[in-house]
Amino acid sequence: MCDTAFVATPPGFDLPSLDVQASLRVLDLVGIFAFSLSGALVGVRKRFDLFGVVVLGCVTAVGGGSIRDALTGTVPPVYLRDETYLWVAILGAVVGFAFGPRLERFDRTLSVFDTLGLALFAVSGALGGLALGFGPLGVIFVGALSGVGGGVIRDVLARETPQILYRHDQLYATAAAAGALVVYLLHGRVPDLASQLVAAGIV
Amino acid sequence: MCDTAFVATPPGFDLPSLDVQASLRVLDLVGIFAFSLSGALVGVRKRFDLFGVVVLGCVTAVGGGSIRDALTGTVPPVYLRDETYLWVAILGAVVGFAFGPRLERFDRTLSVFDTLGLALFAVSGALGGLALGFGPLGVIFVGALSGVGGGVIRDVLARETPQILYRHDQLYATAAAAGALVVYLLHGRVPDLASQLVAAGIV
Amino acid sequence: MCDTAFVATPPGFDLPSLDVQASLRVLDLVGIFAFSLSGALVGVRKRFDLFGVVVLGCVTAVGGGSIRDALTGTVPPVYLRDETYLWVAILGAVVGFAFGPRLERFDRTLSVFDTLGLALFAVSGALGGLALGFGPLGVIFVGALSGVGGGVIRDVLARETPQILYRHDQLYATAAAAGALVVYLLHGRVPDLASQLVAAGIV
């Protein structure tokens, strides 16, 4: 588990682990692009230069996945072993750096990509927990933390106040938890890909 | 070590690992209840709603154990594999939510549960380090970080100032370190359970 | 990988792992001394007492290595299994506590030891990534995070503002990334020790 396989399949657990791995990879890459773009937009607002924007984008992008991997014992994290992940993160940050200053509806765009990253990582974290045979609370916990992790790290590093626990943002953590719960409930009842799309859409 | 056993026993190390596992579980569950209650009380003071209080309670509750597990290489953390842990955390948070607003001696109650969680996780962290054959400094380090970890995470997320390093609270980290040291010194001289009670009592 | 060997060598990867381990140990111990001294100086400025200074020094000292070990899956971290590391950290903190108040050029001294720790951990993190067969981006990422990690943790705990992402400090993260890149490029072309010294010198 430590090195060779991304998702461990406990004996007697019949999850089609190849499908899950492929789905996780696609979810991850889209989520990484979205979160990196959101981190880059925060950096643009703070008037960082290109290097600062790329650093903030990359750290935001891998934050949620790092939390998921740490909690599921998947080390080293996949983004260190497969260079595609960090290239996608850099791409997202460069796109944010190039287009950020010209955006008219800045906050709305930031919010869209933040929510997209949140949804994708909540689902991917929940799938990681499912693959390890966690129960419902464990799956929800891993999914919610994976979803909100990147955004919290971004806000702490950019010295914006992380807003996860405050009233008007409780919807934020709630959305992540709800997405993970949907993954848990749908799992095994409908094809995996469909359940993931439903869960991400609901979030 | 990675998956099947909670506490790894290095070859030639004669710790009765079954007893340690059972003791760790009891210490953990009581510590989780106490820390979750303390997190819930902080959330009540911040006027979070029920969902926010439960989230803050749960994160506080598993913080110390997560640090212990990360440092001892016990992943995934036990609270994700055994649903009892998160149910106990939710219970503690709900109790805090229900009774917090009616408490007269609020700060004193918060302090009692915070100290109880600290003591229990310091001992449990020290036992985890002992079971892996760490030396005295390693045992003290793991114990102290496990003890103070949950409270620091709670304070950062609730935007209270974490107080571990400041003068009048140095007693706090000192207490955690002292408890871990007592576990180290007593280990092998008296029965394990007795030494744990002595250490927790001293803290 | 989890327990017996500090640096795992993937099959078919011809890195002379014994040399790397010995080099990593020397780099680590010097870096730990330097970072612990830098943490102690921050504690002295905040007028912590001896215990607080030692705690802040130790946490700063092991921060970068902990991040490297977490990202490379080397748990428990080596400093918990080899007591030398924590003794060196305590020594660095005591030296900082003894001489800090008498320093005339305080900020400059702090900066020298901070940069030394940064350089050494960036190189050591990059070597850890190389030994696991990461590609260039992975090596740079691990190196940069290992280099800046201890300082960020120190600043957060001492409630100084972490400055890694801000304009005049982008040089800081850039230096760490550059050092890691140099390790990657030189690796296999010149003897390992020479490349490490070059990389640390450039940083």
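**Kinks, cores and confidence**

Q: Where is the kink in H6(C) centred, and how big is it?
A: The kink in H6(C) is centred on Gly149(C) and comes to about 35 degrees. That number is the angle between two axes, one fitted to the seven residues ending at the residue and one to the seven starting there.

Q: How do you know that the span of H6(C) agrees with what a helix should have?
A: The expected span is 1.5 Å times one less than the number of residues. With 22 residues, H6(C) should span 32 Å, and its end C-alpha atoms are 32 Å apart, so the two agree.

Q: Where does H6(A) bend?
A: H6(A) bends at Gly149(A), by about 35 degrees. Because 16 of its 22 residues are buried, H6(A) is largely enclosed by the rest of the structure.

Q: Why is Phe35(C) called buried?
A: Buried means under 20% relative accessible area, exposed means over 50%, and partly exposed is in between (1.4 Å probe, protein chains only). Phe35(C) has a relative accessible area of 0%, so it counts as buried. This residue is found in helix H1 of chain C.

Q: Which residues is Phe35(C) in contact with, leaving aside neighbours within four places in sequence?
A: Its partners include Gly57(C), Leu118(C), Phe121(C), Gly151(C) and Arg154(C), where contact means heavy atoms within 4.5 Å. Phe35(C) and Gly151(C) are 116 residues apart in sequence, yet 7.7 Å apart in space, C-alpha to C-alpha.

Q: Is Gly64(A) buried or exposed?
A: Gly64(A), in helix H2 of chain A, has a relative accessible area of 0%, so it's buried. Beyond four places in sequence, Gly64(A) is in contact with Phe121(A), Ser146(A), Gly149(A) and Gly150(A).

Q: What makes a set of residues a nonpolar core, and how many residues does the largest one have here?
A: A core is a set of buried Ala, Val, Leu, Ile, Met, Phe, Trp, Tyr and Cys residues joined through side-chain atoms within 4.5 Å. The largest has 42 residues, with Ile32(A), Tyr79(A), Leu80(A) and Phe141(C) making the most contacts inside it. Helices giving two or more residues to this core include H1 (17–45) of chain A and H6 (136–157) of chain C. Phe141(C) itself touches Cys58(A), Val62(A), Tyr79(A), Leu80(A) and Leu86(A), not counting residues up to four places away in sequence.

Q: How confident is the predictor about chain A?
A: pLDDT is the predictor's confidence in each residue, from 0 to 100. Chain A averages 75, and 69% of its residues score at least 70. Over residues 1–16 of chain A, pLDDT stays under 50. Where pLDDT is low, the predicted coordinates should not be read in detail.

Terms used. Residues are numbered from 1 along each chain as its sequence is written. Chains are lettered from A and ligands numbered from 1 in the order in which they are written. This is a predicted model: local features need pLDDT of at least 70, side-chain atom pairs count only at pLDDT 80 or more; totals for chains, interfaces and linings use all residues. Side-chain values use heavy atoms; hydrogens and water are left out. Helices (H or I, at least four residues) and strands (E, at least two) are DSSP runs, numbered from the N terminus.
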